[in-house]
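User: Could you take me through this structure, starting with the terms you rely on?

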Amino acid sequence: MIAHLLIFFCTLVAMEGVGTLAHKYIMHGPGWWLHRSHHEAHLGALEANDLYLLALALAAIGLMVMGDAVAQCIGAGAAAYGLIYVVFHDGLVHRHWPVRPSPRHPYLLRLYQAHLMHHAIKDRRNSVSFGFLYAPSQATLNAHVQASDEPTSASGPHTQLD
Ligand SMILES: [Zn+2]
Ligand SMILES: [Zn+2]
């Protein structure tokens, strides 16, 4: 039982690494045609980028339905990551929900500001902060932007903190 819980939590943590790498090298690389919808003005509740979430959900459900006990724990960890992504990224950071809580906790604020910066940088290949639940400090991000001399725009399609 403890081993299964460990597998669940390790998968949950590992998924942030997988998500960060996928965001940087797939979604901002060959998969940009789907992810681009997320970097443009948001009109409806859904966007083409949500297909990545659907793929994660199908993989997680597949593991939970067809896998053995270990595979089910991995599937549950991946599903939990997807749910946290929906709450943190779609809900708190982008406020795609009818209820729009403002991030006030220092961790949430850091996540929010770092992700705003991710969206403010127009060069998709040279953006910053690709994580969904982990964000580098503002100083690290500023240093990266200054080093690469990227033009940023604070007036992106996403709202500023109220
Ligand atoms: Zn992105
Ligand atoms: Zn985003």
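Analyst: A residue is called buried under 20% relative accessible area, exposed over 50% and partly exposed in between, with a 1.4 Å probe and protein chains only. This is a predicted model, in which local features need pLDDT of at least 70, side-chain atom pairs count only at pLDDT 80 or more, and totals for chains, interfaces and linings use all residues. Residues are numbered from 1 along each chain as its sequence is written, chains are lettered from A and ligands numbered from 1 in the order written, and side-chain values use heavy atoms, without hydrogens and water.

User: Which residues coordinate the zinc ion (ligand 1)?

Analyst: H23, H28, H35, H39 and H118 do so, each through NE2, at 2.1 to 2.3 Å. Donors are N, O and S atoms within 2.8 Å of the metal (3.2 Å for Na, K and Ca); water is not among the atoms, so sites may look incomplete. H28, in the loop between α1 (2-27) and α2 (32-35), and H118, in helix α5 (residues 106-120), are 90 residues apart.

User: Are H28 and H118 buried or exposed?

Analyst: Both are buried.

User: And what separates the zinc ion (ligand 1) from the zinc ion (ligand 2)?

Analyst: The separation is 5.8 Å.

User: Changing topic, where does α4 bend?

Analyst: α4 bends at Y85, by about 25 degrees; the bend is the angle between axes fitted to the seven residues ending there and the seven starting there. Helices are DSSP runs (H or I, at least four residues), numbered from the N terminus. Just after α4, R95 has a positive phi of about 55 degrees.

User: Why does S129 count as buried?

Analyst: Because its relative accessibility is 8%. S129 lies in the loop between α5 and α6 (138-148).

Terms used:
Helix = DSSP H or I, 4+ residues; strand = E, 2+ residues; numbered from the N terminus.
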